[in-house]
Amino acid sequence: MARATKRTRASSSARTPKTKRARSNGLARAGRRVSSAKLANTSARRLRVLVTAGPTREHVDPVRYLTNESSGKMGFAIAEAAARAGHEVTLIAGPVSLPTPRGVTRIDIVSARELLEACRRDFRRCDALVMAAAVADWRPAKKLAAKWRAKDSGAERTTLELARNPDVLASLTGGRRVPGKTVIAFALETGSGVARARRKLAKKGADWIVLNGPASLGGERTSVLLLGADGEHVGLRDRSKAHVAQALIERLKPACAGMGAIARARRLGPFPKAAHPSAHSTRIGVTPSVRPRLNRL
Ligand code: CTP
C-alpha cells in the first residue's frame, strides 16, 4: 500500500515540471484539446455491435428438430469484419460448427426463444444490431420428453402441431426504427422479393435489409441487394461473404460520427457504463459510397 502510494506520488511529481512548462507557454489547453479529439475519435469509431447468426433448432423430442439450411457463414463474417474494424462484438450463434472469430464474444443458443432471451440482454446496450440469424417461425407446440413414437398408432399419416415463435427482431425494436442504433435485417426470398423485403424492413423497424436468395445458403459467395429505410439501394453481385460483411460494417460508421459522440467522449471517456452511447449518437446517413447503384440479383 505504502509502495503504491509512493509510486503514484513519484509519477505525478515527475510530470509536474512538464505540466508547469506547458501551462506557462500556453500549450496545456492545446494539449487537452488534442487528447479530447483523439479520445472522441476512438470512441466514435468503436461501437458495440451485436450480431446474430446461423439457424435455430426447434425440438420435437430430445433427438429430432425443425431447422433450416443456414450455415451461419454470413453472420460469422459480419462479426469478424466488425471485430477487425475495432468494434466490440457479441455474436449470438445458433448451432453451427464454425470457429469463433478473433476478438469476438460468442453466445450459443439453440431455439428462437433462447435467441430472443439472449438478444434482450444485449440489445439495450448495443449501438448496432445485425440480425443475420435464420430464425424458425414455428416450433412444435410440445417438446416431448422422450422419443416421438408416431408409428406406434399404426396410422399412415400424422400431424405435428406447431406454435408460432416470436419475431425476435420486431420484439426488440417494437417495429419502429430505434434512434441512435443501426439495425440491419436480412430477408431470404425465393422470388425477386424486393417489395416483400421492403415490407419487412418497415415492419421490423430496421435501417437496412439485406435481400438475398437461396443460392447464398452455405456458400462462400453471395449476391445481395441492400435496401435502406430511406430509399437507398445497393447491389452487390457474386461477392465473397467477407466483402458483403465489410460493406455492411461500413454502413455502421456514420451512426456514431456525430457531435454527440464527441461530447460523450469528452465528458465520460469511451463506453461509459452509466450512459448509453446511442443516446448521443446520430443516425446513419447516406455516404457517397451508398449512392444508388442497383444491380439485379
Ligand atoms: N426474424 C426474426 N424472428 C423471426 C423471423 C425472422 O427476428 N421469428 C428476422 C431475421 O433474422 C431476419 C428478418 O427477421 O433479419 C427477416 O427474416 P425472414 O425469415 O426473411 O422473414 P420472416 O419475417 O420470417 O418472414 P417470411 O418467413 O414470411 O419470409
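## Basis and overall fold

A residue is called buried if 20 or more other C-beta atoms lie within 10 Å of its own, exposed if 12 or fewer do, and partly exposed in between, with C-beta atoms placed from the backbone. The structure is a predicted model, in which local features need pLDDT of at least 70, side-chain atom pairs count only at pLDDT 80 or more, and totals for chains, interfaces and linings use all residues. Residues are numbered from 1 along each chain as its sequence is written.

The protein chain holds 8 helices and 12 strands; helices (H or I, at least four residues) and strands (E, at least two) are DSSP runs, numbered from the N terminus. Of its 297 residues, 34% count as buried. Two residues are in contact if their C-beta atoms, placed from the backbone, lie within 7 Å. Among contacts between residues at least 6 apart in sequence, 66% join residues at least 24 apart.

## Helix α7

Helix α7 spans residues 241–250, and Lys241, Val244, Ala245, Leu248 and Ile249 are buried in it. Viewed down the axis of α7, these buried residues fall within an arc of 140°, so they line one face of the helix; the arc is that of the directions from the helix axis to the C-beta atoms. An α-helix has 3.6 residues a turn, so residues three or four places apart point the same way.

The packing partners of the buried residues of α7 are α3 (73–84), β6 (128–131), β9, β11 (221–228) and β12 (233–240).

A nonpolar core is a set of buried Ala, Val, Leu, Ile, Met, Phe, Trp, Tyr and Cys residues joined through C-beta atoms within 7 Å. The largest such core has 58 residues, and those with the most contacts inside it are Val49, Val51, Ile78, Val130, Ala185 and Ile209. Helix α3 contributes the largest share of this core, 8 residues. Leaving aside neighbours within four places in sequence, the contacts of valine 49 include Ala82, Val89, Cys126, Ala128, Val130 and Leu252.

Arginine 84 also lies in α3 and counts as partly exposed, with 16 C-beta neighbours inside 10 Å. Arginine 84 and glutamine 246 are 162 residues apart in sequence, while their C-alpha atoms are 9.5 Å apart in space.

Valine 224 has leucine 236 in β12 as its bridge partner. The hairpin has 4 residues between the strands, and glycine 231 takes a positive phi near 100°.

Aspartate 238 lies in β12. Although not a glycine, aspartate 238 has a positive phi of about 50°, and it is exposed, with 10 other C-beta atoms within 10 Å. Arginine 239, in the strand β12, is partly exposed, with 15 C-beta neighbours inside 10 Å. Beyond neighbours within four places in sequence, arginine 239 is in contact with Arg221, Thr222 and Val244.

## Surroundings of the ligand

Of the 15 residues around the ligand, Met131, Val135, Val168, Leu169 and Ala185 come nearest. Both α5 (168–173) and β9 (182–188) supply at least two residues of this shell, and β9 gives the most, with 4 residues.

The shell divides into 10 nonpolar, 1 polar and 4 charged residues. Here Ala, Val, Leu, Ile, Met, Phe, Trp, Tyr, Cys and Pro count as nonpolar, Asp, Glu, Lys and Arg as charged, and the others, Gly among them, as polar.

Methods: A residue is near a molecule or strand if its C-beta atom, placed from the backbone, lies within 6 Å of it. Two strands pair if DSSP finds at least two bridges between them.
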